[in-house]
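Here are my notes for you on this model, written as numbered points. Keep the viewer open and click along as you read.

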Amino acid sequence: MSDPHKIAFKIFLVYVIIGVTWIIVTDQFSIAIAYKNLPDYFMFQRIKGWFYIFITGIILYIMIYKRTAHLIQSQNELLEKEHQLQRSNQHYQSLFYYNPDGVFELDREGKVIAANPQGEKIIGIPFQYFQSKTVTEFISKRDLTKCRKYFQEVLTGSAKKFELDIKDFNQKNKIVRVTLLPIIVDDEIIGLFAIARDITNYRREEELMISSEKMSAIGHLAAAVAHEVRNPLTSLRGFIQLMKDTNTLNPSYLEIMLSEVDRINLIASEMLILGKKQEVHYKQEDLKEIVKQVLVLMEAQANMVNAELTIHEEGDGPIWINGDRNQLKQVFINLIRNSLEAIKEKGSIDILLKKQDHYAYAIIKDNGIGMNKERLKHIREPFFSTKENGTGLGLAVCNKIIERHDGAIEFESTPHVGTTVHIRLPLYKEPQQRS
């Protein structure tokens with residue numbers, strides 16, 4: 001029975017009960033009066049109807065007033081809740097539409113249900129043209145498998161944050177940083193939110209910073225390498241002059257000459273590889289081999305400041321990591337160069353390479369001038385430098401490159417004692433084969 005019928009039935013029932021009760025009571029009272037005083041009986045008969053109307057009116061008024069007040073209170077509460085819901089919805093709409101990041105609402109199949117203006121800007125067309133399309137149409141093939149994996153994980157209730165390459169409606173390549181969040185209604189995941197930020201320009205500026213620091217490092221190496229190459233060239237010229245004067249071919253001279261030529265070739269090759277602009281490719285690399293190749297270049301600069309470079313290896317065999325060889329070389333060149341510049345007199349730089357648990361470690365320790373705590377606080381900040389001609393980008397670039405490799409870099413330093421740099425990188429994992 002509906003509420004209006006319940007209310008009407010209750011009023012009807014009360015009215016009948018009051019009427020029946022009134023008739024029974026007044027009839028008994030009338031009979032008692034009639035036996036005693038007939039005029040009083042007639043008077044009572046004339047006024048009992050008015051009493052009935054008055055009493056029932058009051059009772060019905062009280063009942064209707066209470067019920068109406070309750071209904072009005074319920075209605076006001078409902079209106080207040082509706083108002084709060086509207087305000088909450090407006091908050092959501094403001095967060096959605098004015099968000100500086102692109103926000104996409106997706107269903108469980110990955111189809112786009114809604115997108116804010118910034119999301120339209122990232123895709124390159126108004127929402128109505130890609131509504132109900134799956135987001136896979138815009139994701140690069142290289143990142144498609146990764147995105148599907150993360151999508152399924154989010155549907156189980158976890159959030160994910162990652163970067164991927166997309167192609168917008170105009171086939172323009174973009175790099176976006178994406179956060180996937182589950183949409184939960186009544187304890188059920190009905191879809192997810194994808195919050196995307198276009199970091200293409202940020203990545204371009206970052207690459208320019210890394211490239212600029214690389215050229216700065218090459219410039220510093222050039223003078224030391226030129227000095228290092230001049231020595232074997234002097235030896236070669238001396239042996240050639242000696243064989244020309246004696247008109248004899250000495251096999252022992254040839255062996256020394258070949259080793260000097262190989263050394264010049266090795267130094268030149270490393271400089272060319274380092275200076276050549278290359279795309280970043282993460283693949284299986286041997287950390288030991290990378291560091292040894294860097295030492296070939298840095299040995300010249302170490303000789304100029306009368307410093308000794310020593311490498312220590314814990315365990316046999318290579319230390320496999322997943323990384324970009326050229327960028328990791330740049331990290332070690334910057335760090336070793338900083339150590340060499342910190343050495344005022346005859347010093348030493350020790351490099352320890354080891355693997356432990358699921359990580360590879362490279363520890364670079366020098367006995368240079370060290371740094372105080374205040375400088376250590378700002379050491380990762382771009383353009384912060386205490387050197388007269390420093391760019392302040394070296395350690396910032398190192399930090400950024402190690403972060404890209406999902407690693408960590410930490411600095412320990414004591415003034416007039418030296419500095420130790422700890423680098424941690426994840427060990428290479430073989431890709432799982434699909435069954």
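1. Is His 416 buried or exposed? His 416 is exposed, because its relative accessible area is 75%. (Buried means under 20% relative accessible area, exposed over 50%, and partly exposed in between, with a 1.4 Å probe and protein chains only.) You'll find His 416 in the loop between β11 and β12 (418–426). Leaving out residues up to four places away in sequence, His 416 touches Gly 368, Ile 369 and Gly 370, where contact means heavy atoms within 4.5 Å. Its C-alpha is 8.0 Å from that of Met 371, 45 residues apart along the chain.

2. Before we go on, some ground rules. This is a predicted model, where local features need pLDDT of at least 70 and side-chain atom pairs count only at pLDDT 80 or more, while totals for chains, interfaces and linings use all residues. Residues are numbered from 1 along each chain as its sequence is written, and side-chain values use heavy atoms, with hydrogens and water left out.

3. Now the big picture. The protein has 10 helices and 12 strands; helices (H or I, at least four residues) and strands (E, at least two) are DSSP runs, numbered from the N terminus. Of its 435 residues, 35% are buried. Among contacts with a separation of 6 or more, 62% are between residues 24 or more positions apart.

4. Back to the end of β11. Ser 413 sits in that strand (residues 408–414), and it counts as buried because its relative accessible area is 16%. What lies 2.6 Å from a polar atom of the Ser 413 side chain? The backbone nitrogen of Met 371 does. The backbone oxygen of Gly 418 is 3.4 Å from a polar atom of that side chain. Beyond its neighbours within four places in sequence, Ser 413 has contacts that include Leu 376 and Thr 419.

5. Next, look at the largest nonpolar core, with 38 residues; the members that touch the most others are Leu 287, Phe 332, Leu 335, Ile 336 and Ile 423. (A nonpolar core is a set of buried Ala, Val, Leu, Ile, Met, Phe, Trp, Tyr and Cys residues joined through side-chain atoms within 4.5 Å.) Elements that each supply at least two residues of this core include α7 (287–304), α8 (325–342), β11 and β12. α7 gives the most, with 8 residues. In soluble globular proteins, nonpolar side chains tend to be buried together.

6. There's a second, separate core of 26 residues, and Phe 151, Phe 162, Ala 194 and Ala 196 are among its members. Phe 151 is also one of the buried residues of α4, along with Asp 143, Leu 144, Cys 147 and Val 154. Which strands do the buried residues of α4 pack against? They pack against β1 (102–107), β3 (160–167), β4 (173–185) and β5 (188–198).

7. On to strand pairing (two strands pair if DSSP finds at least two bridges between them). β1 and β5 run antiparallel, joined by 6 bridges, and Val 103 stands opposite Ile 195 in β5. β4 and β5 are antiparallel too, over 10 bridges. They form a hairpin with 2 residues between them, and Asp 186 in the turn has a positive phi of about 55 degrees. Asp 187, in the loop between β4 and β5, has a positive phi of about 60 degrees although it is not a glycine. Asp 187 is exposed, because its relative accessible area is 80%.

8. Finally, compare β9 (347–356). β7 (residues 307–313) is joined to β9 by 7 bridges, and these two run parallel; Ala 307 has Gly 347 as its bridge partner. β9 pairs with β10 in the antiparallel sense over 8 bridges, with Lys 355 opposite Ala 360. This pair is a hairpin with 2 residues between the strands, and Asp 357 in the turn has a positive phi of about 55 degrees.

Terms used. A polar contact is a pair of N or O atoms within 3.5 Å; within protein, one must be able to donate a hydrogen and the other to accept it, and residues adjacent in sequence count only if both atoms are side-chain atoms.
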